[in-house]
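Let us walk through this structure step by step. Keep the sequence and the 3D view side by side as you read.

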Amino acid sequence: MGKLTRRARAKADYFGFIGAREWPLAASGLGVLLGVVTILPSAVGIALSVVALGLGITTFTRDVRLLRRRWAGFEFTTIAAPFPTDDLPPPAAYPPSGYLAVPARGTALVSAAIDRDLWAAQHTITVAEEPYRLPPALKATAPHVLPLRARGRLLFNGPVVGMHGDPLPAAGARPAPIRLHRARFFDAVCSNELGTLRITRGETGEEYDLRKAELTDSAGALRTLSSSTLTDLVGVSTVAFTTDGKLVTVRQSSLNAASGLLLAPSGSGSLEPRDLRTADGEPRRLLHDAVRAGMERELCEESGLRPEDVHETRLVGFARWMERGAKPEFFGLTELAVDSGDVAGLRPVSGERLYSAGATLFDVDLAAVGAALAAGVPLSGALPRRIWEDGSLPLLLALRAAAAWHAAQS
């Protein structure tokens with residue numbers, strides 16, 4: 001898909017999302033248009049047509065005023081302060097967990113116990129029959145939030161998969177299936193992506209802070225994914241290494257909705273409904289299989305690699321990205337079947353060239369990073385300086401999880 005086509009699709013997705021929620025205004029506008037058209041062909045119905053046209057114009061004008069008043073009824077302020085981790089302890093149901101904050105990149109809830117369980121456990125999945133729907137409080141602000149978030153970026157309302165369950169270690173029993181649901185990307189923009197916005201209702205001065213309203217449970221702790229009302233689209237990222245030990249990273253463009261102009265993992269994006277089925281159309285039963293499929297799909301799209309260039313991908317970590325509504329993020333480690341020379345000249349598939357500026361290779365010794373982390377060295381000191389300074393939060397978290405897995409295998 002060419003650049004012009006993708007831009008046209010982004011605009012179509014945007015107006016389609018707004019129009020679906022403001023259809024009465026569109027209907028009024030259509031009434032005005034039909035009133036004008038009916039005047040032209042026949043003199044017999046002129047009187048009735050003029051009346052219909054007048055009513056249509058009146059209704060349309062009223063709807064425009066109501067729409068402008070409703071949209072102007074919300075004020076949006078960016079929350080620049082770091083995520084208040086001291087005010088929101090991890091869920092009580094989670095094993096020992098902690099927050100990892102990276103300046104200017106974000107904050108993640110991580111747990112070594114969850115990561116270790118993912119190395120071996122096989123969580124099953126179920127997919128809800130009904131797609132996700134925005135709750136009323138978020139639906140009311142959606143028409144204003146979307147243009148705010150879309151400014152200067154290309155956003156597509158593509159299909160994504162959300163998660164209504166937590167990949168927690170089971171105490172002796174087989175873990176319950178994790179429930180997934182189908183959603184659209186704009187649902188996430190108008191729910192999870194409000195994590196850094198404070199919304200004020202102009203008429204009453206009432207403030208809506210997603211962190212307090214949607215992320216906090218009755219005990220004052222972070223909500224589990226199973227009790228969340230947000231889209232919670234599943235993030236999938238993997239770090240791929242060539243046969244000669246080079247890490248593949250992707251340089252992101254300014255059009256990226258998250259982590260623009262930073263170094264991204266070898267493949268990074270969101271789980272999609274197509275990842276839930278095999279090439280034969282059979283449903284995948286295991287979370288690991290679906291997540292790995294999403295990771296390898298993103299890897300091939302963003303790096304230009306082919307599926308046959310991928311030898312193996314392992315699921316090595318999990319986190320929740322707090323600034324993005326505590327959405328779930330899974331991390332993988334991919335072993336490629338090609339060397340750095342084969343990767344250096346590759347370009348992302350045509351649809352990704354607006355977002356990816358190409359691949360950059362680095363020397364990263366996972367064993368050394370894992371040993372440093374195990375010895376108590378902070379992530380900033382364990383990773384190569386360039387990666388720490390220019391890396392996106394998913395890249396840093398993926399390398400952290402991959403290094404811990406590598407150290408455990410030694």
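**Strands, sheets and salt bridges**

E3 and E13 pair in the antiparallel sense, over three bridges. Two strands count as paired if DSSP finds at least two bridges between them. Helices (H or I, at least four residues) and strands (E, at least two) are DSSP runs, numbered from the N terminus. Within this pairing, valine 110 stands opposite alanine 319 in E13.

A word on the model itself. It is predicted: local features need pLDDT of at least 70, side-chain atom pairs count only at pLDDT 80 or more, and totals for chains, interfaces and linings use all residues. Residues are numbered from 1 along each chain as its sequence is written, and side-chain values use heavy atoms, with hydrogens and water left out.

Stay with E3, residues 106-110. Is this strand buried or exposed? Five of its five residues are buried, so E3 is largely enclosed by the rest of the structure. Buried means under 20% relative accessible area, exposed means over 50%, and partly exposed lies in between (1.4 Å probe, protein chains only). In a regular strand the side chains alternate between the two faces of the sheet. Here Gly106, Ala108 and Val110 point one way, while Thr107 and Leu109 point the other way.

E3 also pairs with strand E2 (residues 98-102), in the antiparallel sense and over five bridges. Tyrosine 99 has leucine 109 in E3 as its bridge partner. E2 and E3 form a hairpin with three residues between them. In its turn, alanine 104 has a positive phi of about 65°.

Now follow E13 (residues 310-321) to E14: these strands pair in the antiparallel sense over 10 bridges. Alanine 319 stands opposite glutamate 329 in E14. This hairpin has five residues between the strands, and glycine 325 takes a positive phi near 70°. Strand E14 (residues 327-336) is mostly covered, with nine of its 10 residues buried. E14 pairs with strand E9 (residues 235-241) too, in the parallel sense over seven bridges. There, alanine 240 has threonine 334 as its bridge partner.

Next comes another sheet. It is open, has three strands in the order E1-E7-E8, and its pairing is antiparallel. The edge strands are E1 (74-78) and E8 (207-209), and each pairs on one side only. E1 and E7 (residues 197-201) pair over five bridges. Phenylalanine 76 has isoleucine 199 in E7 as its bridge partner.

Finally, look at the charged side chains. A salt bridge is a side-chain nitrogen of Lys or Arg within 4 Å of a carboxyl oxygen of Asp or Glu. How many are there by this rule? The count comes to 19 salt bridges. One of them joins glutamate 193 to arginine 324, with the closest N and O atoms 2.7 Å apart. Glutamate 193 lies in the loop between helix H6 (185-189) and E7, and arginine 324 in the loop between E13 and E14, so the pair ties together parts that are 131 residues apart in sequence. Glutamate 193 counts as buried, at 15% relative accessibility. Arginine 324 is buried as well, at 14%.

Arginine 314 forms a salt bridge with glutamate 312 at 3.3 Å between the closest N and O atoms. Arginine 314 also meets glutamate 335 in a salt bridge (3.9 Å, N to O). Glutamate 335 lies in strand E14 and arginine 314 in strand E13, so this pair ties together parts that are 21 residues apart in sequence.
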